[in-house]
Amino acid sequence: MKFAVLARCLLLFLAATAIARAEDGYRLWLRYEPVADEALRAAYTQALGRVSFDLPEGMAWSPTLITAVSELQTGLSGLLGRKVVIDTVAESLAQPVPGGDDAYSIRLEQGSVSRVVIAANRDVGAIYGAFALLRQLQTARPVAELDGLAGAPRIKRRLLNHWDNLTGTVERGQAGHSLWKWFELPEVVDPRYVDYARACASVGLNGTVLNNVNANATILTEPYLRKVAALANVFRSYGVRVYLTARFSAPKEIGGLPTADPLDPAVAAWWKDKVDEIYRHVPDFGGFLVKANSEGQPGPQDYGRTHAAGANLLAGALAPHGGVVIWRAFVYSHEAPDDRHKQAYSEFTPLDGSFRPNVFVQVKNGAIDFMPREPFHPLFGAMPRTPLAPELQIAQEYLGGALQLAFLAPMWKETLDSDTFCAGAGSTVARVVDGSVDQHADSCIAGVANTGDVRNWTGHPLAAANWYAFGRLAWDHSLSSETIADEWTRMTFGNDATVVTPVSAMLLASRETVVNYSMPLGLHHIMAEGHHYGPGPWVAKSGRPDWTSVYYHRADERGVGFDRTAAGSNAVAQYRPEVAQLFGDPARCPEKYLLWFHHVPWDRPLASGRTLWDELALRYQSGVEGVRGWRQAWAAVAGRIDHERHAHVEQLLRRQEKDAAFWRDGCLLYFQTFAKRPLPAGVEPATQPLDYFVNFRLQYVPGDPAMR
Ligand code: GCW
């Protein structure tokens, strides 16, 4: 008897710990908890009597198809609580599925046993179809919606860029150390690599650049290529290809050559041999990502050559293997005194048409960096003969790292939906990038990853939504932020509407809230130096003027903001006239970009009827109040989601409110020294003097490149 009681207690304890462990965030959005709604579960069970893959004749049971089957089996067992028979249809695919290699379509067939058929042109499409089917069940969609459900990506290469160093640190990463355990590879292959690949594939990502753009040539040496191959071998069956960053000076550093001049035949021969060697290790290697002549990285300009000469050198070596070069446009020179906003455009537009066909130019969403709000980069729409790959940052370098909630889909949509007018109205950044404006056959999009080796992958439990959102938008940029937030919340916390509604609302409001408490009305680059966490509008001295804050906000007794009109740096002229006229006119410029493009008097009335100063102060205040509101909303869902994730987010939101108030107080006290006006009613006064904020030092901030 005693033993039975003890055994029961033990079982209960084990069950409790299993549940606790299960909700530590490791499973991300792939939790596959049983469908809670009984009637819906019964309907799914009836419809999914069997699942069949329908692929073209002759397509054998490849590792990728087997992976699709096993993912489906895992997911359906969890969701429906039973095993489902999975097979291939007897007759093979008669009609190709529209949309290419990655496309899928799903149909329902009624019969003595109903079945769901996933049709695809290739095995990788079967994976995407399997995850789409699972997503429908995870988000409690009606059975009828399965029939005719189809998907095809709008962009071909959908990549994560890891800024992971070989030392294990992650530049701008705050979710622990790198996922890649280089020292123990290739012999020790962490099972977590499989889970990484399945998370990527589940949202349609099909490539990963393993290492930092601030590159280390060692990755290209033979021992490291064997490690890279071990990772590629894991990712392959999920359709995820490996890419690497290439340090331009590698021929000197690891090749023993006296030069890395791109026009030197010995250098070209070295890269050709190196690339051949890489393909011997990784036959489906994707290509190189390169940061050159930027922030101290070596590049072709060290030899008086252009970016095109550099990119073409590598592209020539990769072309025979089908690889590509992704060459970053994030350049701004030490010597050029010009507005940093303008430099990439000035440098790259003359090169349009001179890149080899397998070169992408990778362009950040905004003209300067990855700050909470930037107008779209003027290069989009300005290089019609070159495929451009947008670079988005999933890691929140300027949005509170892994400690603050900032759901980034609305930010990325803002860029992707911006109209460049390059080929008339409707030439959005998204359409430039997916190749439809200029008829490019290949297309690419990249997101700087926010992953690390912490148990829940992204640090902040709600930051996983950004990894998810990036994948979903890379697949289909027409998806709305609302849809993505809703899907992710359901898959992560379940379908209880009393949770889904408030949590999605928090996600959707969060980016604008962060803008409000940190860089409202187009203010930018006013963060703390180096680690970029928290305010630093007072930063006036740095390695170079365009690393200071005063260079960007230009506050004086008259007003604040960077004049980028014809009277100032004239950066507006880099946009098409329709855009330039809008941004360039202080009366028409969207207020969200006002201080980005204009130096505005403190007493200028804005749309609200309030003066610039009052509006600015109230925006800061509303940012703080926004976070306060989430704390209440989050407290109200206690008990409806697991304690572990709830408590973690609760603590993070408390920290975020404190940080938001710190931004507000520091910035307003500082700008008040110029504006010389009192705070408007409703804005809480700071509890510390300006000196306190100016002298405050955060130390050892994770991700700070100083800790590389
Ligand atoms: O925003 C800056 C970051 C650097 C980064 C650089 C880049 C990888 O502060 O940490 O370096 O951008 O994008 O190259």
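## Touring the domain 1–domain 2 interface

Start by selecting Arg455 and Asp24: they form a salt bridge, with the closest N and O atoms 2.7 Å apart (a side-chain nitrogen of Lys or Arg within 4 Å of a carboxyl oxygen of Asp or Glu). Between domain 1 and domain 2 the count is three salt bridges.

Before you go on: this is a predicted model, where local features need pLDDT of at least 70 and side-chain atom pairs count only at pLDDT 80 or more, while totals for chains, interfaces and linings use all residues. Residues are numbered from 1 along each chain as its sequence is written, and side-chain values use heavy atoms, leaving out hydrogens and water.

Now colour by domain: domain 1 is 22–151, domain 2 is 157–478 and domain 3 is 515–562 + 599–707, with bounds from an automatic or database domain assignment. The C-alpha centres of domain 1 and domain 2 sit 32 Å apart. Their contact (heavy atoms within 4.5 Å) takes 19 residues from domain 1 and 23 residues from domain 2.

About 1900 Å² is buried between domain 1 and domain 2, with carbon and sulfur atoms giving 58%; that is accessible area (1.4 Å probe) lost on putting the two parts together, summed over both. Pick Tyr26, Trp29 and Tyr128: in domain 1 they lose the most area to domain 2, together 38% of what that side buries.

Last stop, the helices (DSSP runs of H or I, at least four residues, numbered from the N terminus). Select α3 (63–80) and α4 (123–138), which each supply at least two residues of the domain 1 side touching domain 2. On that side α4 gives the most, with five residues.
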